[in-house]
Every structure is written in structure tokens, then in C-alpha cells.
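Here is a brief report on one structure. Start with the ligand site, then turn to selected loops and backbone geometry.

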Amino acid sequence: MKTLTIIQPDDWHLHLRTGDILETVVAHTSRQFKRAIVMPNLKPPITSVVEALTYRHQILQALPQESEFEPLMTLYLTNQTTIDDIKQVAICEFIHAFKLYPAGATTNSDAGVNDLTVIYPILEAMQQYHVPLLIHGEITDEACDIFDRERLFIERHLTDIVKEFPTLKIVLEHVTTEEAVQFVESTPANIGATITPQHLLFNRNALLVGGIHPHHYCLPILKREKHRQALVKAATRGNPKFFLGTDSAPHITNLKESACGCAGCYSAFAAIELYTEVFEKEKSLDKLEAFASFYGADFYGLARNTQTITLEKKNWEIPSQYGRQENLITPLKAGETLSWKMK
Ligand code: NCD
Ligand code: ZN
């Protein structure tokens, strides 16, 4: 049987939520990943060190026994974030970054920032105190076509931010376009990007052809095939600026299969297997380990993991639902066959 052993990976962009589903999703993530950067877009958002530490405690409580999983916490950047908040994060070993959501860009982003120039003093402090900035890179202008929102965010905002704060560590989260890949490639090493499994596997046809597929709806939205191909190249060619971030974002099935369905794909149940399929198809399995287990840790200045995981080449069918009866979650590719399985 064909097997693949790699250093245990980390997930550099993850939504764990709270309440009943936390236990289900944290069990899935911790089975595969040693660490994960945990998104702060709860309702209400996590905006202070105390809230982040409380949330971290809830996550640790929800973990399966003997799990060694480490949640790496983040704070949600708002118009009210202060320089003192930045200083507190800089000295807190459990909090690793601030997440910037343009107001209204995605799920639970109402508390986000309206005018990015207003927070420039905060970005200045983040640069000074070496706190990374994680960006949901989409403009929110209602007149702007949803497929252009990432490209225009880069043109109108990110280019200036990178120029203005040349040593600020920035992760452009869940890149979805050729333009984003080219932009990140053109910048110095302090600018990185995460790539999700769904944006490597699917183009926008998967959302809209043959009926509407709500479980493929996430933000930034799936793009054309040429963009998917640019992402696959970026992920599989061994460029340390691009690393694994699932953006696994569970929503209860009813809220996805609805007249106004929520954005977010649930991939944590088999994230590493999903990525492995992409790398295998691209004949780049030798590049998987660095993408999944090295480049993100290196970018954040954290030690690489030392334990390993083993994947087996073996067909298995993805269940139609995960979770408890009242709170079922439909996984990405539900009911389909995956050809790799973690031992
Ligand atoms: C995320 C969520 O549900 O929290 N949804 C998504 O489509 N990716 C938010 C986000 O990361 O944009
Ligand atoms: Zn996300």
C-alpha cells in the first residue's frame, strides 16, 4: 500500500466557532493539525486579550483527552482597537496576530473597519511591535462585482499598506485570484498568503453549474479556472510565501441550504487529505510537507513541528453530515470518495 509520512501540519486559518459544534470541529482539526490560527469572528467578535484567553480556554476544554493541539489565538481589529491593545498582544504568548475584516466583507464582519486609512496608526504600532496582520482582502463597495473584490482590494488598499509599512508582517488570507498570487510573489518575504482546499479543487462552475451548490459557497467566492490553476501552481511549486490555511468555516446545514445561505466551506474533517489529492494530481507530493508543515511556522517565526502523520492511499466515502442531530454540518465533497486517508 502506498503511504506518505510528513511532519505534522498546522492550519494557519481556521474557524472553530463556539457552543455545541465546537467539540465536533475541534476534534476534527486536532486529529490532523498540531496548531491552528483561530479566527476571532465570533458573535460578538473577540477584540480583547481577556476574551481571546477565555475563548482559548473553551477550545482547550472541548479538545479530546490527551490531545496536544495548540490553538493560536487572534484578535479582531476594529475602529476601537488601541495601541495599548497591540502592545498587550505583542507580549502575550497565546495571541499571534490581528485579523482585519473590511466591514461587511464576510460572515460576522460588521464590527470590521470601514476606512483603512483611519487605522494606519494601529498598523504602524503593529509594525513596531512585530504583530502580524491577517487580512480578509476584499473590498466591500456594493457596486463592485463580487468576482472583482479581491483584485480591487489589492489595487486600492493592499498595495498602499505594503508600501506604507514595509516591515509589517502581513498574511493575505485565502487568496483566490491570479492577481493575488502575482502580488504576493512580487513582494518581500514579510508578505505571505494562505490557500484553502476549496480554492485549489474548484472553480466557480462547482458553485453554479447544474444547480446551485450552497456547500461550495464561501468568501472570497470561487473564481474562474485560470485563477484556480494559478493557485495550484503557487501552492505546489515550493514557494515559502504560500502556506496551508483551510478557512474551514462550519455552518449548520440548514443555514447553508437556505434562501440566503451562509458563506463558508467545512473542510476540517479531512483537510490534509483534500490537499494531498491536489498535490498528487499535480505530481507534486514531494512539495506537500513544506506547504503544510514548514512554511507557515517559518513565516510566523514558530518552531516547526517534530511529530509526523502518515497518509495512506485508500478510497473512503465522505459522510453526508457530521455533528449532533440538532446541529449537523455538511462537509465539503459530502458523499464523494477521497483517495487518501490519514492513519
Ligand atoms: C468565514 C466564516 O464563515 O466565518 N466564511 C467564509 O466564507 N470563508 C469567514 C471568512 O473567512 O471570510
Ligand atoms: Zn476565514
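## Ligand site

A polar side-chain atom of Asp247 sits 2.7 Å from a nitrogen atom of ligand 1. His136 also places a polar side-chain atom by the ligand, 3.2 Å from an oxygen atom. Gly264 uses a backbone N or O atom, 3.2 Å from an oxygen atom of ligand 1. The protein covers 100% of the 320 Å² of accessible area that ligand 1 has on its own (Shrake-Rupley method, 1.4 Å probe).

Around ligand 1 there are 15 residues (a heavy atom within 4 Å). Arg17, Asn41, Thr106, Leu219 and Asp247 come nearest. The space taken by ligand 1 is the largest cavity. A cavity is a set of points, on a 1 Å grid over the protein atoms alone, where a 1.4 Å probe fits but cannot get out. A molecule sits in a cavity if more than half of its atoms lie within 2 Å of its grid points.

## Basis of the model

This is a predicted model, where local features need pLDDT of at least 70, side-chain atom pairs count only at pLDDT 80 or more, and totals for chains, interfaces and linings use all residues. Residues are numbered from 1 along each chain as its sequence is written, chains are lettered from A and ligands numbered from 1 in the order written, and side-chain values use heavy atoms, without hydrogens and water.

## Lys34

Lys34 lies in the loop between helix 1 (20–32) and strand 3 (35–38). Helices (H or I, at least four residues) and strands (E, at least two) are DSSP runs, numbered from the N terminus. Lys34 is buried, at 12% relative accessible area. Buried means under 20%, exposed over 50%, partly exposed in between (1.4 Å probe, protein chains only).

The Lys34 side chain reaches the backbone oxygen of Glu68 at 3.2 Å. Residues that Lys34 touches (heavy atoms within 4.5 Å) include Asp10, Glu70 and Asn305, not counting residues up to four places away in sequence.

## Backbone geometry

Most residues other than glycine have a negative phi, and most peptide bonds are trans. The bond from Lys43 to Pro44 is cis, with omega near -5 degrees. Another cis peptide bond joins Leu219 and Pro220, with omega about -5 degrees. Pro220 lies in the loop between helix 8 (205–208) and helix 9 (225–236).

Glu66 has a positive phi, near 70 degrees. Glu66 is exposed, at 78% relative accessibility. Asn108 has a positive phi too, near 50 degrees. Asn108 is partly exposed, at 23% relative accessible area.

Methods. Polar contact = N/O pair within 3.5 Å; in protein donor to acceptor, adjacent residues only side chain to side chain. 1 Å grid on protein atoms, 1.4 Å probe; cavity = no way out; pocket = protein on both sides within 12 Å on 5 of 7 lines; lining within 4 Å.
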